[in-house]
Amino acid sequence: MRRINGYITLLLGAAVIFTAMWIGKINAVNENYDPQTKRLVCIVNSASQYYWAEVKEGIQAASEEYDCNSLIQQIEYFDQGEQLRYLNETDFYHVDGIITVGQPDNEKINNKIKEITESGIPVVLLDTDSMQSKRDCYVGTDNYQAGVCAARELLALTENDVHALVCTTGMANTNHKERIQGFQSLLEDMQGKADLHILVRNEDKYQFQTDILEVLEADKEINSIFCAEASTSQIIASLLEKGNLSEKYHIICFDDLAPVPQMTAEGKIDGMLIQQAYDMGYEAVRYLAENEKTKETKTSYIYTKLLYVSGEEAKNYFQKESDE
């Protein structure tokens, strides 16, 4: 009996602690409520460097400028279960807007966002769009046009004779899929066909390096490489840095993880497509701060700039970044 009573006491204690944490989180949003201050919940990736760190910097800067109270809820590696839990928690907040990442293949998240927008709370999706969610606005790169841009550069470098190895972490990722679709579309328009070998990265990056070299050895016609996102770009740059990859290929990479910038400045990579992550976070907050929910804004887009940086431009670009 004493043991049972002990268990009951522990359970009651845990319940009290959980309830206190829950109330504390709600109070963090609701205390000192000012109807003139917009209250936003931002559910984004927890990464503390590069892309997502810059997104959060943009959110914080715009929140200060537009006098918004923004609560940033961070999820590990796009944990969709955690994302849905945080979206459900917003039912208990006084919220004027929500910023999060689109998950086009997750029906539960799409339905929850639809429920939120139908209740009158605007939702902005960053990085990845999901029209199924009935979100109010997408803020981020036009990924299809990013692929078109990469194809255009390679066509110029090869005199309209692109035989490409395309590296990606997976066609299930909407962003990567759209980039590859744009890339393929322009090649088909300009060459009559798109000669592509699509290589999907596995979890072991060292095995992926081997896979890349084996594909290039087996297919002598390949003269170009397009990396559809940052991690495969970093792998290609590492192979070049170590001297394991021939410099005869024309290469376009995505984003600017090291050592991609250095390899571009040295001319071993032809160019980088760099997303403006800070602007994504900033523009998402600005949209919610300046716009009331209307039918006219229901399917709007804010496409942030995509920079193409190559050769000498890379040296100047990153010198400017370091000076700032």
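Student: Where is N175 placed?
Tutor: N175 sits in helix α6, which covers residues 174-191. Keep in mind that this is a predicted model.

Student: Is N175 buried or exposed?
Tutor: N175 is buried, because its relative accessible area is 4% and buried means under 20%.

Student: And what is N175 in contact with, leaving aside neighbours within four places in sequence?
Tutor: On that basis, D127, T128 and N143 are in contact with N175.

Student: Which residues of α6 are buried?
Tutor: Besides N175, the buried residues of α6 include H176, R179, F183 and L187.

Student: What covers them?
Tutor: The cover includes helix α5, along with the strands β6 (163-168), β7 (195-200), β8 (224-227), β9 (250-254) and β10 (271-275).

Student: And what follows α6?
Tutor: G192 does, with a positive phi near 85°.

Student: Back to α5. At what angle do α5 and α6 pack?
Tutor: Helix α5 (residues 143-158) packs with α6 at about 45°, and their axes are 6 Å apart. That angle makes α5 oblique to α6. The crossing is right-handed.

Student: Which residues meet there?
Tutor: From α5, the set includes N143, A150 and L154, and from α6 it includes N175, F183 and L187. By class, this contact has eleven nonpolar, seven polar and three charged residues.

Student: What about A150, buried or exposed?
Tutor: A150, in helix α5, is buried, with a relative accessible area of 0%. Leaving aside neighbours within four places in sequence, A150 is in contact with F183, F226, I252 and L273.

Student: How many residues apart are A150 and L273 along the chain?
Tutor: They are 123 residues apart, yet their C-alpha atoms are separated by 7.7 Å.

Student: New topic: at what angle do α7 and α8 cross?
Tutor: The axes of α7 (residues 205-218) and α8 (residues 230-241) cross at roughly 70° and come within 10 Å. That makes α7 roughly perpendicular to α8. This crossing is right-handed.

Student: Which residues meet in that pair?
Tutor: K205, F208, Q209, I212 and L213 of α7 meet T232, I235, I236, S238 and L239 of α8. Sorted by class, the contact has six nonpolar, three polar and one charged residues.

Student: Now the backbone. Where is there a cis peptide bond?
Tutor: A cis peptide bond joins A258 and P259, with omega at about 5°. P259 lies in the loop between β9 and α9 (260-265).

Student: Which residues other than glycine have a positive phi?
Tutor: Y50 is one of them, with phi near 60°, and N160 is another, at about 60°. Y50 is in helix α2 (residues 50-65), whereas N160 is in the loop between α5 and β6.

Student: How accessible are Y50 and N160?
Tutor: Y50 is partly exposed, with a relative accessible area of 47%. N160 is partly exposed too, at 42%.

Note on methods
Residues are numbered from 1 along each chain as its sequence is written. This is a predicted model: local features need pLDDT of at least 70, side-chain atom pairs count only at pLDDT 80 or more; totals for chains, interfaces and linings use all residues. Side-chain values use heavy atoms; hydrogens and water are left out. Axes are lines fitted to C-alpha atoms, for helices over the stretch in contact, and angles run from 0 to 180 degrees between N-to-C directions. Helices (H or I, at least four residues) and strands (E, at least two) are DSSP runs, numbered from the N terminus. Angles under 35 degrees count as roughly parallel, over 145 as roughly antiparallel, 65 to 115 as roughly perpendicular and the rest as oblique. A crossing is left-handed if the near helix is turned anticlockwise from the far one by less than a right angle, and right-handed if clockwise. Contact means heavy atoms within 4.5 Å. Ala, Val, Leu, Ile, Met, Phe, Trp, Tyr, Cys and Pro count as nonpolar, Asp, Glu, Lys and Arg as charged, and the others, Gly among them, as polar. Buried means under 20% relative accessible area, exposed over 50%, partly exposed in between (1.4 Å probe, protein chains only).
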